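Q: I would like to learn how to read a protein model step by step. Could we go through one together, feature by feature?

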Amino acid sequence: MADKKKILVIDDDPDILESVKAILEANGFEAMTAISGKEGVEAYKTKKPDLILCDMMMENVDEGSKVTHAIRQMDKKIPIYLMSSIGSATASNIEIDKLGFNGVFQKP
């Protein structure tokens, strides 16, 4: 049996963390969560996920870009996707790739 792909979800909303984790696990992924930017960076270092889903506005308005920048210093290739409640509007108004994100997902 193949190893499950590990996905780290970083968001300051416990309900979002719980729901995204449930969706990912129901679809065969191993989901890990972090409730702050700092916790997310530490989880990246210790758990080495295959993919990261990260909110933008957590402790600070641009916390997600700070988290992404910190992780990009350690790993240029890991896919990091912005989770946004205004997904397509966000993507059309900011250059997400310049913030270090590979794309945008609409929050459930």
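**Reading strands, helices and a ring pair**

A: Let us begin with one pair of residues in this predicted model: Lys 6 stands opposite Glu 30 in strand S2.

Q: How many bridges join strand S1 to strand S2, and do the two run parallel or antiparallel?

A: Strand S1, residues 6–10, and strand S2, residues 30–34, run parallel and are joined by 5 bridges. Together with helix H1, which spans residues 14–26, these two strands make a β-α-β unit that is right-handed.

Q: What pattern does the protein follow when it is read along the sequence?

A: Along the sequence the pattern is β-α-β-α-β-α-β-α-β, and the secondary structure comes to 4 helices and 5 strands.

Q: How should I read a helix, and which residues of helix H2 are buried?

A: The general idea is that an α-helix has 3.6 residues a turn, so residues three or four places apart point the same way. In helix H2, residues 37–47, the buried residues are Gly 37, Gly 40, Val 41, Ala 43 and Tyr 44. Because these residues cover an arc of only 160 degrees around the axis, they lie on the same side of H2. The face turned away from that buried side carries the exposed residues Lys 38 and Thr 46.

Q: What covers the buried residues of H2?

A: The cover includes strands S1 and S2, strand S3 (51–55) and helix H3 (63–74). After H2 comes Lys 48, whose phi is positive, near 45 degrees.

Q: How many aromatic pairs does a search of the whole structure find?

A: The search finds 1 aromatic pair. Tyr 81 and Phe 105 form this pair, with 4.9 Å from centre to centre and 35 degrees between the planes, and it is described as tilted. Since Tyr 81 lies in strand S4 (residues 80–84) and Phe 105 in strand S5 (residues 103–106), the pair ties together parts that are 24 residues apart in sequence.

Q: Why does Tyr 81 count as partly exposed?

A: Tyr 81 counts as partly exposed because its relative accessibility is 23%, and buried would mean under 20%. Phe 105 is also partly exposed, with a relative accessible area of 39%.

How values were computed:
Residues are numbered from 1 along each chain as its sequence is written. This is a predicted model: local features need pLDDT of at least 70, side-chain atom pairs count only at pLDDT 80 or more; totals for chains, interfaces and linings use all residues. Side-chain values use heavy atoms; hydrogens and water are left out. Two strands pair if DSSP finds at least two bridges between them. A crossover is right-handed if, with the strands pointing away from the viewer, the path from the first strand over the helix to the second runs clockwise. Buried means under 20% relative accessible area, exposed over 50%, partly exposed in between (1.4 Å probe, protein chains only). The arc is that of the directions from the helix axis to the C-beta atoms. Contact means heavy atoms within 4.5 Å. Rings of Phe, Tyr and Trp (its six-membered ring) pair if their centres lie within 6.5 Å; planes under 30 degrees apart count as stacked, over 60 as edge-to-face and the rest as tilted.
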